[in-house]
Amino acid sequence: MSEHLKRVFAEKKEQVSDQCNFVIDEGNHTDLALSYRINRMSISFIRRPILAKRFLAHRAFVTFLTAGFPTRDATVPLMMALEAGGADIIELGVPFSDPIADGPTIQRANTIAIENGVHYADCLEYTRQARKLGLKVPVIFMGYYNPLIAYGEEKAVQDAREAGANGYIIVDLPPEEAIKFRNICQDSGMSYVPLIAPSTSIDRVKFLTGIADSFIYVVSKMGVTGSSAGVAISASLPELVARIRAFTPVPLAVGFGVDNRTHFEFVTSAGSDAVVVGSKIIKLVLDNPKIEKSTKLVEEFCREITLHGQNPPPLGRKNGTAPSAAERPNGVNGTEKVEPVLPIPEGETARPELEVNQPGKLPSRFGLFGGAYVPESLVDCLNEIEAAHAEAIKDPEFWKEFEDMFGYINRPSQLYLAERLTEEMGGAKIWLKREDLNHTGSHKINNAVGQILLAKRLGKKRIIAETGAGQHGVATATVCAKFGLQCDVYMGAEDVRRQELNVFRIKMLGGNVIPVTSGTQTLKDAVNEAMREWVTRLEDTHYLIGSAIGPHPFPTIVRDFQRVIGREIKSQMQEKCGKLPDAVVACVGGGSNAIGTFYDFIEDEGVRLIGVEAGGHGVDTDLHSATLTKGVIGVVHGASSYIIQSKEGQLVPTHSISAGLDYNSVGPEHSHLKYTGRAEYIVADDEQALKAFKMVTQLEGIIPALESSHGLWGGMQLAKTLPKDKDVVICLSGNGAKDVAEVLLTLKDKKWADKLDWHVAQ
Ligand SMILES: Cc1ncc(COP(=O)(O)O)c(C=O)c1O
C-alpha cells in the first residue's frame with residue numbers, strides 16, 4: 001500500500017470519526033480500494049450535514065467568506081461565528097486579483113484581502129487554526145485556478161488536506177480542463193465540486209452530474225455573485241433544480257443572490273438540499289469591520305437564516321456524539337452503498353465523454369497553452385460561438401461577405417519600402433505593412449469586421465468590447481454604427497484618461513464608454529468587466545474581444561480575421577521582390593497584429609518571426625509589460641499563457657508608455673510559438689519606442705502609433721544587423737494621431753526632450 005494513501009486514510013479517519021459512524025478497517029487493501037474508501041469517507045463527510053438536514057426535513061446552510069478580509073485576524077473568529085450560527089459547510093474564498101465571476105462586493109473583499117497580503121498559504125493557516133479551535137464543519141476552498149497553479153497544484157491539495165480542508169470549488173476550472181487537478185484531489189481524498197448554471201445544456205448537465213461527488217453547486221442566476229436584496233431570485237429555479245435532479249441523487253446547493261430567510265425558503269421550496277449565502281455575509285462584514293461586531297452580526301444573521309435554536313441541531317454534533325443507527329438518515333452511514341466516486345477518466349479514453357457537448361471542431365489549445373478556463377455560465381455560449389465560427393470559416397459565402405468589406409476597411413493595405421529608414425540603419429531593406437492606413441487607423445478593424453459578421457450570424461443585437469488604447473473601441477463602435485448594433489465599450493479609467501480623444505470618437509460613433517475603476521484600471525480590468533457583464537446578457541450580446549486573447553475559441557477567431565495581414569505580405573513580397581521576407585516583425589500586446597502577421601509564415605521556416613514586447617521602464621524593474629520575456633505560465637482571462645504576476649499568482653500592475661501594450665497576459669498562440677522556439681520575442685522599452693517614433697516620423701513622414709513604435713524599434717535593430725539583400729517587414733499596426741497628446745506631454749518634460757534630443761514642445 002502506498003505510504004501517501006495510508007497517511008491520508010489515517011487523517012481522514014480521524015476527521016470523520018466523531019461525525020460519521022464509519023466501519024473503517026484499514027485491512028490489507030490495494031491502493032485502489034484504499035483510495036476508494038478515502039473518497040467515500042471524504043465525500044460522506046461533506047455530504048453528511050446536507051443529508052442529515054434532509055432527513056429532518058430541513059435544508060443545509062452553506063456559507064461563503066473571503067479569507068483575510070477585512071483584516072488578517074478576522075477570518076478564524078468569523079469561521080467560528082459561522083459555525084456557531086448554524087452553518088453546515090464553510091466555503092473559504094481564496095483571494096484573487098481578477099475574480100471574473102464575482103460582483104462588486106466579493107471583488108472588493110478580494111482586493112482588501114490582497115492588500116492585506118493574504119494568499120493561498122494563509123487560507124491553509126486559517127483552516128488549521130480553526131480546526132484547532134474545534135471547527136467541525138467541512139471547509140471547501142473556493143476561488144480561481146491561478147493562485148493554485150502558482151502554489152503548485154499537488155502541494156496545494158496535499159497541504160489543504162493536512163490543514164483540514166475538504167474540497168474545492170474552482171470557478172474558472174471547468175471539469176474539461178481539470179482532469180489533472182481532479183486526479184490530484186482524488187488521490188488526496190478531496191472533493192471537487194462542479195458548478196451548474198441556468199445556461200448549462202442538458203448534455204453538460206449529464207456530464208457534470210456524472211462527475212459530482214459530495215454536492216453540486218447550482219448557480220441560480222446568470223451573472224456575477226451578489227446578493228439580491230429586493231430582487232426576486234430567478235423564477236425558473238424550480239425548473240432548473242428539477243432538470244438537474246432528473247440526472248442525479250447527489251445533493252444540490254443553490255447559490256448566487258440569496259440574501260434573507262425569504263430567499264432561503266424560496267430556494268429550499270424549489271427543491272434544493274442546501275442554500276449558499278456569500279455576498280450578504282461579506283457585506284455585513286464590510287459594513288461592520290470591527291471583529292467583535294462582525295462576528296456577532298454574522299452569527300446572528302446565520303441564526304436568522306437557519307432559525308437555529310428552533311430546529312433540532314444537526315445530527316452527530318450533539319455533545320460530539322455520533323447518531324445512533326436508527327437516527328441516521330439514509331446515505332450517511334459509512335457502510336451504506338454509494339454511487340461510484342469521482343470516476344476520473346484516464347488519458348485519451350476521457351475524450352468522448354468530455355466532448356459530449358463540444359460540437360466545434362477547432363483545436364482548443366496551442367500545445368500547452370490556451371483552453372477555456374471560464375465560469376460554467378459561459379461554457380455553452382463559447383461552444384455556440386465556436387460552432388458558428390467553425391461553420392463560417394468553411395463557408396465561402398462568409399469569406400465573400402468579409403472580403404466585400406475590404407473596400408470599407410481599405411484593404412489590401414500597402415507594403416511600403418521605407419527607403420530613408422533603410423538607409424539610416426544601413427542594413428536590410430525595411431518594409432512597412434501599412435495597417436495604419438486602414439479605416440479607423442489600425443489593424444483592429446479587421447477583427448471588428450469579421451466578428452460583427454459572426455455576431456450577425458448568431459443573431460446578436462448588442463456588442464460589448466474592451467479596449468486599452470481605444471483603437472479597438474473605435475473599430476468596434478465603427479462597425480456597430482455601420483451594422484446598426486448597440487455598442488458598449490469597457491475601458492480602464494486610467495486608459496480613459498490617457499486616450500481622451502478615442503473615448504470621444506467612440507461616443508461620437510454612438511457607442512457608450514464605461515470606465516472601469518476596479519483593479520489597476522487598465523486593459524486587464526476592462527476584460528474582467530466585459531466578461532462579467534457578458535454573462536448577464538448572453539442571449540442578445542456578443543463580446544467582440546479585441547486581441548488574440550481570452551478563452552477558446554477567441555484566440556483562434558481573432559487570428560483567423562487578422563491573418564489577412566500576413567497573407568497580403570506574402571503575396572506583396574512575391575510581387576515586389578519575387579521572394580519571401582527574411583523576417584516579419586510586429587509589436588505584441590495581446591498579440592493580434594503579431595499573430596496576424598506571423599500566421600501564414602509559420603510553415604516557412606526560413607522566415608524569422610519576431611515579436612516585440614513593451615519593456616516599459618526596463619525589464620529589470622517592476623514596470624514593464626514584457627509578458628513572454630519575463631512572465632510565468634498561468635491561467636488568466638480564460639486561457640493558459642505566460643503571465644506577469646506575483647509569486648502568489650496575483651496579477652500585478654504592468655506598464656508601457658503605450659496603453660495598447662499594457663497587459664499582463666498574451667495570446668496563447670504566442671506562448672506556444674515562444675515555447676516551441678518558432679518565434680522570437682524581444683523587448684523595446686519606453687525610451688526606445690519613443691526613439692523609433694521620432695525616427696519614423698522624421699525620416700518617413702509617418703507618425704506611427706506608440707504600440708507600433710515598439711515593433712519599429714525591434715525591426716530597425718534587426719535590419720541593422722542584416723546584409724542589404726535581406727528584407728525585413730514590420731507591421732505598422734496603427735496611426736499615431738491618437739498618441740500626439742501623450743507625446744506632447746512627454747516632450748514637455750525636459751528630461752525626455754533631452755533624452756530624445758527632440759525639443760519641439762518647449
Ligand atoms: C495600434 C495598435 N497596435 C498594437 C496594439 C496591440 O494589440 P495587439 O497586440 O492585439 O495587436 C494596439 C492595441 O490597442 C494598437 O492600438
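**Ligand shell**

I started with the shell around the ligand and found that helix 26 gives the largest share of it, three residues. Helices here are DSSP runs of H or I with at least four residues, strands are runs of E with at least two, and both are numbered from the N terminus. I note that this is a predicted model, in which local features need pLDDT of at least 70 and side-chain atom pairs count only at pLDDT 80 or more, while totals for chains, interfaces and linings use all residues. Residues are numbered from 1 along each chain as its sequence is written.

I listed 21 residues around the ligand, the closest being Ser547, Gly589, Ser592, Gly660 and Gly734. Helix 20 (471–483), helix 26 (592–598) and helix 30 (706–721) supply at least two shell residues each. Sorted by class, the shell holds 14 polar, six nonpolar and one charged residues. I counted Ala, Val, Leu, Ile, Met, Phe, Trp, Tyr, Cys and Pro as nonpolar, Asp, Glu, Lys and Arg as charged, and the others, Gly among them, as polar. Domain 2 and domain 3 each give at least three residues to the shell.

**Domains**

I then looked up the domain bounds, which come from an automatic or database domain assignment. The chain is divided into domain 1 (58–306), domain 2 (363–408 + 441–557) and domain 3 (414–437 + 561–756). I found the C-alpha centres of domain 1 and domain 3 to be 43 Å apart. Their contact takes 11 residues from domain 1 and nine residues from domain 3; a contact needs C-beta atoms, placed from the backbone, within 7 Å. On the domain 1 side, helix 6 (residues 145–151) gives the most, five residues. That side consists of seven nonpolar, three polar and one charged residues.

From the unreviewed UniProt entry I took the annotation "domain: Tryptophan synthase beta chain-like PALP", covering residues 411–734. UniProt positions are in the numbering used here, feature names are shortened, and annotations may be inferred rather than shown by experiment. Over residues 411–734 I read 42% helix and 20% strand, with the end C-alpha atoms 14 Å apart.

**Helix pairs**

I checked helix 20 against helix 22 (residues 500–508): their axes come within 9 Å and cross at roughly 10 degrees. Helix 20 is therefore roughly parallel to helix 22. Axes are lines fitted to C-alpha atoms, for helices over the stretch in contact, and angles run from 0 to 180 degrees between N-to-C directions. Angles under 35 degrees count as roughly parallel, over 145 as roughly antiparallel, 65 to 115 as roughly perpendicular and the rest as oblique. Gln471, Gly473, Val474 and Ala477 of helix 20 meet Asn502, Arg505 and Ile506 of helix 22. This contact has three nonpolar, three polar and one charged residues.

For helix 29 (residues 686–700) and helix 30, I noted axes 8 Å apart and a packing angle of about 90 degrees, so helix 29 is roughly perpendicular to helix 30. I sorted the contact of helix 29 with helix 30 into eight nonpolar, three polar and one charged residues.

**Backbone**

I looked up a cis peptide bond between Phe69 and Pro70, with omega about 0 degrees. Pro70 sits in the loop between strand 1 (60–66) and helix 3 (75–85). A cis peptide bond also joins His552 and Pro553, with omega about 15 degrees. Pro553 is in the loop between strand 17 (541–543) and helix 24 (554–562).

I also noted Thr440, a residue other than glycine with a positive phi, near 75 degrees. Thr440 lies in the loop between strand 13 (429–434) and helix 19 (444–457).

Conventions:
Near = placed C-beta within 6 Å. Contact = placed C-beta atoms within 7 Å.
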